[in-house]
Amino acid sequence: METPDGTAVGTERSDAARNRARLLEAARRLVSEHGAEHVTMEAVAKEAGVGKGTLFRRFGDREGLLCVLLDEAEADFREVCTSGPPPLGPGAPAADRLTAFGWTLIDRIADVTDLGAALARQLRPRNRNASETGRAFHRHVSDLLWEAGVDTDSDVLAHVLLAFTTFETADYLVRDRGVPADDLQATWADLVRLVTRPDGFLAVGG
């Protein structure tokens with residue numbers, strides 16, 4: 001089968017895959033050299049040797065490109081959470097895993113060298129939540145709440161808990177208010193203990 005210009009479909013798809021890989025590699029280099037906050041679509045296109053139109057057609061906009069880089073950067077962490085050693089991974093009680101997950105997120109938010117956090121900061125909350133990483137984090141917290149026996153809407157409660165670890169909240173508390181990251185982690189642990197209390201504190205109708 002051929003495209004209207006006579007190019008074989010397989011060749012076109014191979015070319016598209018190579019172009020995508022070249023664009024992402026250019027973006028990674030710029031993030032590494034200049035920081036995610038300074039990466040522009042124009043700079044990525046120039047680095048990759050393509051027109052800006054090609055970049056926009058492939059990723060939609062700057063946040064679309066950064067979402068792809070974010071999901072790549074977070075792949076290892078997501079795997080550790082779902083299949084790595086405890087307490088983040090399976091083998092520990094759900095409440096302990098939930099505590100460890102929040103502690104790790106807060107550690108990473110406070111770490112100015114963390115690539116995933118740097119990329120995520122560049123995304124609007126809506127796009128961050130809708131990214132593969134955002135959806136995976138939410139699903140993970142929701143599943144752990146369910147495993148811990150929380151008798152309420154774990155989907156909504158997961159959003160509520162994760163709101164505590166957003167950059168808008170954590171950066172304000174740590175950078176503007178001077179709250180130590182250790183204090184945020186202690187508060188996260190308190191929240192987990194509260195919502196997973198065995199007396200059914202959050203039980204529907206309780």
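Predicted model: local features only at pLDDT ≥ 70, side-chain atom pairs only at ≥ 80, totals over all residues.
Biologist: Which residues of helix H5 are buried, and what makes them one face?

Modeller: H5 spans residues 75–83, and its buried residues are Phe77, Arg78 and Cys81. Looking down the axis of H5, they fall within an arc of 100°, so they line one face of the helix. That arc is taken over the directions from the helix axis to the C-beta atoms. As background, an α-helix has 3.6 residues a turn, so residues three or four places apart point the same way. By the way, helices are DSSP runs (H or I, at least four residues), as are strands (E, at least two), numbered from the N terminus.

Biologist: What sits on the other face of H5, and what covers the buried residues?

Modeller: Asp76 and Ser83 are the exposed residues on the face turned away from the buried side. The cover over the buried residues includes helix H4 (62–73), helix H6 (94–110) and helix H9 (132–147).

Biologist: Why is the pair Phe77 and Phe101 called stacked?

Modeller: Rings of Phe, Tyr and Trp (its six-membered ring) pair if their centres lie within 6.5 Å; planes under 30 degrees apart are stacked, over 60 edge-to-face, and the rest tilted. That rule gives 3 aromatic pairs. Phe77 and Phe101 have ring centres 6.0 Å apart and planes at 15°, so they pass as stacked. Phe77 is in helix H5 and Phe101 in helix H6, so the pair ties together parts 24 residues apart in sequence.

Biologist: And what makes Phe77 and Phe137 edge-to-face?

Modeller: Their centres are 5.7 Å apart and the planes stand at 90°, so edge-to-face it is. This pair also links distant parts of the chain, with Phe77 in helix H5 and Phe137 in helix H9, 60 residues apart. Phe77, Phe101 and Phe137 make up one aromatic cluster. Phe77 is at 11% and Phe101 at 0% relative accessibility, so both count as buried.

Biologist: How do you know that the charged end of Arg108 sits over the ring of Phe77?

Modeller: The test wants NZ of Lys or CZ of Arg within 6 Å of the ring centre and within 35 degrees of the ring normal. Arg108 qualifies, with its charged end 4.9 Å from the centre of the Phe77 ring.

Biologist: Why do Arg28 and Glu72 count as a salt bridge?

Modeller: The cut-off is a side-chain nitrogen of Lys or Arg within 4 Å of a carboxyl oxygen of Asp or Glu. Arg28 and Glu72 meet at 2.9 Å, N to O. Arg28 is in helix H1 (residues 9–34) and Glu72 in helix H4, so the bridge ties together parts 44 residues apart in sequence. The structure holds 12 salt bridges. Glu25, Arg28, Arg29, Glu47 and Glu72 are linked in a network of them.

Biologist: What about Arg121 and Asp171?

Modeller: Their closest N and O atoms are 2.9 Å apart, again a salt bridge. Arg121 belongs to helix H7 (residues 115–121) and Asp171 to helix H11 (residues 167–176), so parts 50 residues apart in sequence are tied together. At 22% Arg121 counts as partly exposed, whereas Asp171, at 14%, counts as buried.

Biologist: Last one: which residues does Met41 touch, leaving aside its neighbours within four places in sequence?

Modeller: With contact meaning heavy atoms within 4.5 Å, Met41 touches Lys52, Leu55, Phe56, Asp61, Arg62 and Leu65. Met41 is in helix H2 (residues 41–48), and its relative accessible area of 6% makes it buried.

Notes
Residues numbered from 1 in each chain as written. Heavy atoms only, no water. Buried < 20%, exposed > 50% of the residue type's maximum accessible area, 1.4 Å probe, protein only.
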